[in-house]
Amino acid sequence: MAVLVIGLGARTRLVDAGLGCPDWPGCYGHLIIPTTESQLARATELFPEHRVEVSKGWPEMIHRYAATALGLVILLVAIQAWRCRHIADYPQKLSHILLG
């Protein structure tokens with residue numbers, strides 16, 4: 001999953017979509033790229049210094065959500081490590097280092 005996030009990050013950079021969506025966690029105030037005329041008008045009103053570029057927004061949003069999913073998986077691994085702290089051969093330290 002980390003390799004996927006790295007690959008998506010590289011693609012995002014290659015298509016010059018870094019900061020294709022200026023706000024987080026949404027994209028111009030939405031969970032997905034604004035596409036309707038009213039959403040585009042609202043995005044332009046909220047972020048006048050940024051031009052809404054749907055082709056750049058999608059790679060950015062996909063990368064952000066994949067990275068968020070990776071972070072949640074890492075958190076779940078750390079929680080599992082804490083729950084299994086009584087098992088001697090469970091890689092607890094590695095799990096906590098990964099969380100850090």
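Me: What pattern does the protein chain follow when read along the sequence?
Reply: In this predicted model, the protein chain follows the pattern α-α-α-α along its sequence.

Me: How do you know that the protein chain is more spread out than a compact globule?
Reply: Its radius of gyration is 18 Å, whereas the globule rule gives 13 Å for 100 residues. The value is well over the rule, so the chain is called more spread out than a compact globule. The C-alpha trace spans about 60 × 25 × 20 Å along its principal axes.

Me: Why is Leu31 called exposed?
Reply: A residue is called exposed when its relative accessible area is over 50%. Leu31 has a relative accessible area of 62%, and therefore Leu31 is exposed. Leu31 is located in the loop between α1 (2-14) and α2 (37-46).

Me: What makes Leu31 part of a nonpolar patch on the surface?
Reply: A patch residue needs over 30% relative accessible area and no salt bridge, and nonpolar side chains are joined within 5 Å. The value of 62% for Leu31 is over that area cut-off. The patch consists of Trp24, Leu31, Ile32, Val54, Trp58, Ile62 and Tyr65, which together have about 700 Å² of accessible area.

Me: What share of the residues in the protein chain is buried?
Reply: Buried residues, those under 20% relative accessible area, make up 27% of the 100 residues. As for the surface, the chain exposes about 6900 Å², of which carbon and sulfur atoms supply 67%.

Technical notes
Residues are numbered from 1 along each chain as its sequence is written. This is a predicted model: local features need pLDDT of at least 70, side-chain atom pairs count only at pLDDT 80 or more; totals for chains, interfaces and linings use all residues. Side-chain values use heavy atoms; hydrogens and water are left out. Patches are made of residues with over 30% relative accessible area and no salt bridge: like charges are joined within 9 Å, nonpolar side chains (Val, Leu, Ile, Met, Phe, Trp, Tyr) within 5 Å. Accessible areas come from the Shrake-Rupley method with a 1.4 Å probe; for residues, only the protein chains shown count as cover. A salt bridge is a side-chain nitrogen of Lys or Arg within 4 Å of a carboxyl oxygen of Asp or Glu. Helices (H or I, at least four residues) and strands (E, at least two) are DSSP runs, numbered from the N terminus. Buried means under 20% relative accessible area, exposed over 50%, partly exposed in between (1.4 Å probe, protein chains only). The radius of gyration is taken over C-alpha atoms; the globule rule is 2.2 Å times the number of residues to the power 0.38.
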